[in-house]
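Please look over the sequence and the structure shown here before reading the briefing that follows.

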Amino acid sequence: MPSASSVPAAPPRPSGSTPLLSAVPDVAPEPSTRLLLLLLLAAALLPRLVLMPFNENYYGDAVARTELAERWANEPHLITSYGDGAYQFGPLHLYVVGAALKVVEDKALAGRLVSLLFGVLSVVPLFSLTRRLFDWRAAVGACLAFSVWGMHLQMSTTAASEAMSLFFMLWVFALIAEGLDDNRMGPFFGAALVLNLACAVRYDAWLFMPLLSLALLFWGEDRVAAITRAVGFGLLCLPFPLLWMQGNEMAHGDPFFPIHAVEQFHADWTREGVARVGEWRYRLESLGFWPGVALLTLSPGVALLGMAGMWRSWRERKDTRWLMLAALVPAAYFTFRAVVLLDFQPLGRFTVTELAVLLPFVVPGLELVRGAGARRAVAAVCAVLAVAVPLAMGLYTFRADGRWQDSLRPVSPTSTNPVPLMQVARFLKEEVAPKGGAAVVDQDPSYMDLQLAFFSGLPDERLARVRWETFRKHLRLANPEYLVRFDNGSLARDPGVKLEGRTLTLDGVAYEEQDGFSAPLHVYRRR
């Protein structure tokens, strides 16, 4: 990715700025960019490697994405629509995880390695972007803050798609910064092509096509150059979206069918949220969601410095406003939908790109502190918080269930499934799967049955999952000895099921509940 790391020999600094991360004056030679990048890549890799043995696929549809990627890897083909194997997801992530599954036998690990790769490599475009806008010291500060960003630590050690998507978006921003700085069209074309890749991963990237095109249209005083940039960039953004829309139009009669499916999920979640906490509390929580997630996951010090740096740069550096708008406009749009329209459920994972844009402005925000001693003290406090906050959150949520743990776990560095679920999963993997056994898995309204089946170690032919339309067929073929029921699951309401105390009868076959497991899961063994 040479273009993402290409930077001018003498990048501009904000007027009146003072070096913060070094006592070396500005006239001193800049350290080797290659050495800095190697050190920063190592700084990002280390905490992620520490978490790899402990984190589990949970949030971000990591399990569903891995299973869909496995299906594609077994029958490779060009995915052209929602119903062609991608469902509500973008196809590119499935391709890459599917390819990884061909190399890595452990399907729980393959997708996580993909995220680890893209998560660590995100340092390169972030460094390039920040160095172009400010200087190498600001770039080092941004990358160090990125390396301990709690929410990203989780995303780059689980098999969801955010780490890959953010890598592409940071590359897009770095190429646009290069094009504006060097006044060349090539980087804009490269940015548009990379944005195609981001759009093929996650649908929230689609918003950046018109947003960045408009930013390029109104950037600079040369109107002809601005129009040329904007039109060229906008047209080159279209190949994947148009092909994907055509495929969904032909398959489902709606070019935006996957996006509408995702929006339906959000509408349903919104109704559930309003019913749970009330309309006005829901609006109020949604109003503060973006800044709240920034303070919680980036840590208060890093988030506040980034916000202060944005405020300063908006006043003093008009050439950086396009990047700030890339963060502020999506945050305002989704906040408006959640607060006013009540048709969108804010999720931590939807804030990733916007929060990442805060990082280049951390050191400029620190420069607002007057006095070298005061700046060093603020920098030290913020550095301690940047490590302490995700560390404390990770320890608090690690393999622990409870109201607050469940609320914080989606943005915590550690990602672990509910303890009772993993207890049953380990039992199936260690006691049932090695003996060639089979199991019935109930359908859970919270989709925990997907997690259980994934971690059970049982292949599909030895699973009878109530969620499948072919449940009865698999039940006959697998002849399962064990059965797992969820509280509030669908199995108890099946016409062929009779539940009496500790005995469950399924299609005339009696199963007896086993001791040693905790609600909401119940394990039964055939008599």
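Is M52 buried or exposed, and what is its relative accessible area? M52 is buried, with a relative accessible area of 11%, where buried means under 20% relative accessible area, exposed over 50% and partly exposed in between, with a 1.4 Å probe and protein chains only. This is a predicted model, in which local features need pLDDT of at least 70 and side-chain atom pairs count only at pLDDT 80 or more, while totals for chains, interfaces and linings use all residues. Residues are numbered from 1 along each chain as its sequence is written, and side-chain values use heavy atoms, with hydrogens and water left out.

**Confidence**

- The mean pLDDT of the chain is 93, and 95% of its residues reach 70 or more; pLDDT is the predictor's confidence in each residue, from 0 to 100.
- Over residues 1–27 the pLDDT is below 50, although this stretch has 68 contacts in the model beyond near neighbours in sequence, a contact meaning heavy atoms within 4.5 Å.
- Where pLDDT is low, the predicted coordinates should not be read in detail.

**The chain as a whole**

- The chain holds 25 helices and seven strands, which are DSSP runs numbered from the N terminus, with helices (H or I) of at least four residues and strands (E) of at least two.
- The radius of gyration of the chain is 25 Å, close to the 24 Å that the globule rule gives for 527 residues, so the chain is as compact as a globular protein of that length; the radius is taken over C-alpha atoms, and the rule is 2.2 Å times the number of residues to the power 0.38.
- Among contacts between residues at least 6 apart in sequence, 73% join residues at least 24 apart.
- The chain exposes about 23,000 Å², of which carbon and sulfur atoms supply 63%; accessible areas come from the Shrake-Rupley method with a 1.4 Å probe, and for residues only the protein chains shown count as cover.
- The mean positions of the 48 positive and 48 negative charges of the chain are 5 Å apart, with Lys and Arg counted as positive, Asp and Glu as negative, and His and the chain ends not counted. The place of a charge is taken as NZ of Lys, CZ of Arg, CG of Asp or CD of Glu.

**The loop between α2 and α3**

- M52 lies in the loop between α2 and α3, and N55 is placed in the loop between α2 (33–51) and α3 (62–74).
- Not counting residues up to four places away in sequence, M52 touches L109, R112, L113, L116 and T157.
- M52 and T414 are 362 residues apart along the chain, yet their C-alpha atoms are separated by 9.4 Å.
- N55 is buried, with a relative accessible area of 3%, and, leaving aside residues up to four places away in sequence, N55 touches R112, L153, Q154, T157, T158, P413, T414 and S415.

- A425 is found in helix α23 (residues 419–432) and is buried, with a relative accessible area of 0%.
- When residues up to four places away in sequence are not counted, A425 touches L452, F455 and S456, and the C-alpha atoms of A425 and A453, 28 residues apart in sequence, are 7.6 Å apart in space.
- T130 lies in helix α6 (residues 123–133) and is buried, with a relative accessible area of 0%.
- Residues up to four places away in sequence again not being counted, T130 touches D135, A138, A139, A142 and P360, while T130 and V140, 10 residues apart in sequence, are 8.6 Å apart from C-alpha to C-alpha.

**Backbone details in loops**

- A cis peptide bond, with omega of about 15°, joins A519 and P520, and P520 lies in the loop between β6 (509–513) and β7 (521–526).
- R399, in the loop between α21 (372–397) and α22 (403–408), has a phi near 45°, a positive value in a residue other than glycine; at 47% relative accessibility, R399 counts as partly exposed.
- D507, in the loop between β5 (503–506) and β6, has a positive phi of about 50° although it is not a glycine, and D507 is partly exposed, with a relative accessible area of 39%.
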